[in-house]
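Here's a quick briefing to read with the model open.

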Amino acid sequence: MSLQKDGIARGTGAVVLMGDGDIHKLILKDKAVNALSFNKGTSTQDYPSSLMGSIALIRQTYLDAQWYNYAKEKDFDISLAAWNANQNLLQLFEVNDYRSALRANLIGKEFGQNYCIRGGGDEYKRVDEIAKSKSTFIVTLNFPKAYDVSNPFDALNINLDDLRHWEMAPANASVLEKAGVNFVLTTDGLKEKKEFPSALQKALKCGLSKDQALKALTTLPAKLLGIENQVGSLKSGMLANFFICTKDYFEKENVIVEHWISGERYIIKNPDSIEIRNKYKLTLDTLQGWNLSASGDQFAPEWTLVRDTIKVKVEATSFNSQWTFRFEPKKGKGAYRLNGSFNLNGSRISGQAQNPDGKWMTWSAEKMGPSEAKKDTTKKDSAFVMPQTWLPNMAYGWKSKADIPSAGSVWIKNVTVWTCEEQGILQNADVIMKDGKIVAVGKFSDTDKVKYDGMEMIDGTGMHLTPGIIDEHSHIAINEGVNEGTQSVTSEVRIGDVINPDDINIYRQLAGGVTTSHLLHGSANAIGGQTILIKLRWGQTAEEMKFKGADGFIKFALGENVKQSNWGDNNVTRYPQTRMGVEQIYMDAFTRAKEYDATWKKFNASKSKGIAPRRDLELDALAEILNKKRFITCHSYQQGEINMLMHVADSFQFRVNTFTHILEGYKVADKMKAHGVGASTFSDWWAYKYEVIDAIPYNGAIMHNIGIVTGFNSDDAEMARRLNQEAAKACKYGNVSEEEALKFVTLNPAKLLHISDQVGSIKIGKDADIVLWNGPPLSVYSKPVKTFVDGICYYDLKRDEQLRNDIQSERQRIIKKMQDDKAAGGPIQKGGSAPHEEYHCNDMENAPH
Amino acid sequence: MKKIFIFLLLISQAVMAQRPTPATTNKQRILLLGATAHIGNGQMIPMSAIGITGGKLSFVMDAKGYKPDPKAFDTIIYVNDKHAYPGFIALNSILGLSDLEAVRATNDYRESGSINPSARTLIAYNPDSRVIPTVRDNGVLMAQVAPQGGLLSGSSSVVQLDAWNWEDATVKADDGIWVNWPSMRQQRMATPDAEAEQKAKNEKAMQSLYKQFDDAAGYAKSNPSVKNRHLEAMKGLFDGSMNLYVRCEFAREIIEAINFGDKYKLKVVIVGGNDSWRVVDLLKEKNVPVIITRTHALPYREDDDIDMSYKLPAILFKAGIRVSITDEGFWQQRNLGFQAGTVAGYGLTKEEALQCITLSSALILGIDKTCGSLEDEKDATLFISSGDALDMTGNKVEMAFVQGRMIDLDNYQKELYLRYKEKYSVK
């Protein structure tokens, strides 16, 4: 099956026969698949620049195509017409990795398609979810090469996830087979197609069954492509498409000798060749006691001239049925040059020759018996032992699903509890959690009926307990682009589509006491993308990390990023370039949204229904804001623009939910209070650009004291690990009490995110998202000892020590294996792991930097 | 003699000006009585008496049983229950070289071209930068102002942060030359060609470094009559009067830099040094100090210990290596104390952590005779904080002296704070 591997909607692919001749006759099926991907390829269009943009574009195209089917008044659209025509074909989706495979699967579910997915070769990492997707996978046998680990320092730059992937990639097909995933194999991804047999051998060695391998190369792909009545099995009535090989195809030394394509025979190795790997007694000139011996490859044997223990190298070539030999029985005495042919059964070879003096003569050699087989000197590789896939399959991952604890019941005793509730700070108190919830807060004794079977007891003496930290502004755990900054309004894109559950910063932040993160779109445009709220459930999938039932938010942005002030002198034409233009963007967008919303409301209210209006994902999100079903968190700095956005909101009768960054919030705190907007700010950042020239670290305190719900956020993967220290700065700058300051990173962001009935304080009935600290939580000297999310201890200081040892021993194990592989002649690659994918608000590249 | 209690001082500061005027030379004999003195050398005196005469510390001692002679002092300041610290020293900073990162016109830390040994940060240092008073307010009273970018960036200088102009500010001019070590860390590249390119880039840079230092070493020795300003600027490297500050992170780069220093007999200081803990033996053997540029940093690699950046100073310190901590940039330096405080949670005592931003820094800069700790005869550059200055909840600088001069702790941000507090009538 051949297709154009470029772009997002790639058009159709055809099934062709690989024979020679009239190409029209070689097409078995002209439209076999409709192909898609997330990669815009060589397209010169700006949009989309991010993975989430690609996803939005695909979803919008489905909607447009559906509308195109039923809309009455429309212009002819060649793309949508073709899109619709191709919907009944096999839908083939190419992705880079397992995460995008699951993303594609979700899109498919939304629009009634179950894609056949050409995966990235790492589906083993989440095989349970892959199996649940019910997709058919096209599995590549492109395996990474071993890394050059000869220098111990250089080897440090290869991360464990890459080391483990090197080891496990060849086992991918085997893992999929065991999990019951329907899959076929492809040569796609290999640098050279001839690598396929050896790659297949590796996969077989790692446990892929021959039976499944054969199916995955014949009947299954035939069925998938709807050509199972023509090809894929050997039975009468089918096309004569088959090949002949010397041994079982799945055996190592097997050689393909012929292809038959649609009845045409293609000879690869002389099929009539006779067994000539024999020892022959030579009769030539005056030579005495010499034998010719052929061994090795059946189709290109190695020849030697042998007498007793003397071996002389023979230059041998064949052309049609004739052989050429050249050898020097005595070195330096001149060479014999022979031409000769075998008889029919290979028992004799004879012909003419010239001796070293140039004299012509006849020669012959009679078969004496088979030549001695060459001793196999290659090292026998040891049997493959399937490693356990870690979750995620990298440093600090859980060893298996069973390794992730479940939420039992835990009693933390005699601890200082910062409730972030009216109770304030409780000394020598107890907190009990059960099944993921906080069930008791107070002082209990063993006789109180708070003890459950199998309850874990933790002595909190000398320690402090706080609610989990909530980061209102984070960009961790995002794949392939935080900004869809190609347009000024991109409310259709969703960070929730591109969560990366394998980001090490999730674990690192748990170690800093963070339990909930609000992952935001960047600030490159006035109306950015929809945000996603996650709990840091390290080891779980992207979908499992989502905060269930939380309100939807969207990122807006004001100021210098939006107007491209700091993007260099080449970016001076995109609208808006001034704060004046930013207001116009909002007014235009909401004017459109209002009209769109009215059209839909009218349609939904009408009895006769009729033809539905076209759905627009961008306007859907904006209409949700107007209908108070989606809420704004807006990147903001200067007082003027803050004031402006509140006016825009007022004029459309909604409320801005949160100003994030909001460094000049203190200048318009009274107006913010009147509007009812919250603030999520930095503790002490300033001076990094002109619009923060008046930023002051007392900002948080002023807004808080005026009665605005105020939080501190990170916008930075490092700072998020120390948000407790940032909160402490509210005490330093502005004399906020420690108790209130802690709320800046717990209860207050929970309120800003509308989740304060679930998290943000230690209160009976709330989620057991809590952190046990080894000292006062706002002290620079304190650190978390345990971090619980939903009552599950996802970070434990002691366990972390063990994980560090595990990482070292696991690295050592694989590095040793890589050296063995290299010694056995395996290919190697230089270099280390790719840079970590890490974003801030204004990062435009979708590649990691 | 006047007796001052600290609350009086605070009231006097309520009259605020956006840009504090540098304090005049101290002609008084001042006694600071009762503070916990954090000396900066790892020692601490719970109840201290600190004498200041002119610009110097006349004594620092235990105040237990001490009855000050009122005639011996012009002013006695009672600072019981408060803490005294030597002024923090912000190494590797661009204080005074930048006022707003994104505004090009305010940036004076990176010259164009790759070989700039004669470029001097000192003359670009702006003592009137609005950022400086905000940094002082948290205890940073001295800074090394360092050039950035290129291969050989230029020379740094050490300044005190209460001055009319850069000449006044100078504590030590041209203390060292800065190198951004060519990267030896190979990243994964799409093609073997790109990998070769990476290597070639390193080799080319190394060649130009060797050429520059061969020339400079020869020049320093022969002192030719025809002057070369680039080579002239590097002379101090070869007589030990200047450090060679090498910015690098990866173990192989650190080793290479030390080998390089050996070859030319240079005083190498590693700046950054993420991997320095992996080569402690070499650092110790060659007596090479390390300046850690941020402790509030993510680990260098995914597999690293998650607290690697926090515990790195302790590993080096315990191994007997001279280690100093700094924050990056300019406005960020106000968190210098907290960068050190965090380390105290990961293997160092509070006094040792303090040492990493005071005396150790002074030793690296070669100004330890006069700066870096609260010891007799050193400059009276110190501050009084109401609480633990390494902790966010304790750091409240109530009074600060630079070379004996009590400086104005006002700043632009405080002024805005007061203005808006008043507007809203909030506490």
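A nonpolar core here means a set of buried Ala, Val, Leu, Ile, Met, Phe, Trp, Tyr and Cys residues joined through C-beta atoms within 7 Å. Keep in mind that this is a predicted model.

**Nonpolar cores**
- The largest core holds 318 residues, and the members touching the most others are A:Val431, A:Ala727, B:Ala84, B:Leu95, B:Val246, B:Ile270 and B:Ala340.
- Leaving aside residues up to four places away in sequence, B:Ala340 touches B:Ile325, B:Ala353, B:Leu354, B:Cys356, B:Ile357 and B:Leu390.
- Another core of 16 residues lies apart from that one, and A:Leu292, A:Trp323, A:Phe325 and A:Tyr336 are among its residues.

**The sheet in chain B**
- In chain B, 8 strands make an open sheet with mixed pairing, ordered β9-β10-β11-β12-β13-β14-β15-β16.
- Its edges are β9 (88–93) and β16 (323–325) of chain B, each pairing on one side only.
- On average, neighbouring strands are turned by 25° against each other, direction ignored.
- At the β16(B) end, 3 bridges tie this strand to β15 (residues 290–292) of chain B, and the two run parallel.
- B:Ile325, the residue that B:Ala340 touches, is the bridge partner of B:Ile292.

**Where chain A meets chain B**
- Chain A puts 56 residues into the contact and chain B puts in 42 residues.
- On the chain A side, elements giving two or more residues include α5 (152–156), α6 (160–168) and α21 (797–823) of chain A.
- The top contributor on that side is α18(A), with 5 residues.
- Sorted by class, the chain A side has 28 nonpolar, 11 polar and 17 charged residues.

Terms used:
Residues numbered from 1 in each chain as written. Chains lettered and ligands numbered in written order. Predicted model: local features only at pLDDT ≥ 70, side-chain atom pairs only at ≥ 80, totals over all residues. Pairing = 2+ DSSP bridges. Helix = DSSP H or I, 4+ residues; strand = E, 2+ residues; numbered from the N terminus. Axes fitted to C-alpha atoms, helices over the stretch in contact; angles between N-to-C directions. Buried ≥ 20, exposed ≤ 12 C-beta atoms within 10 Å, placed from the backbone. Contact = placed C-beta atoms within 7 Å. Nonpolar A, V, L, I, M, F, W, Y, C, P; charged D, E, K, R; others polar.
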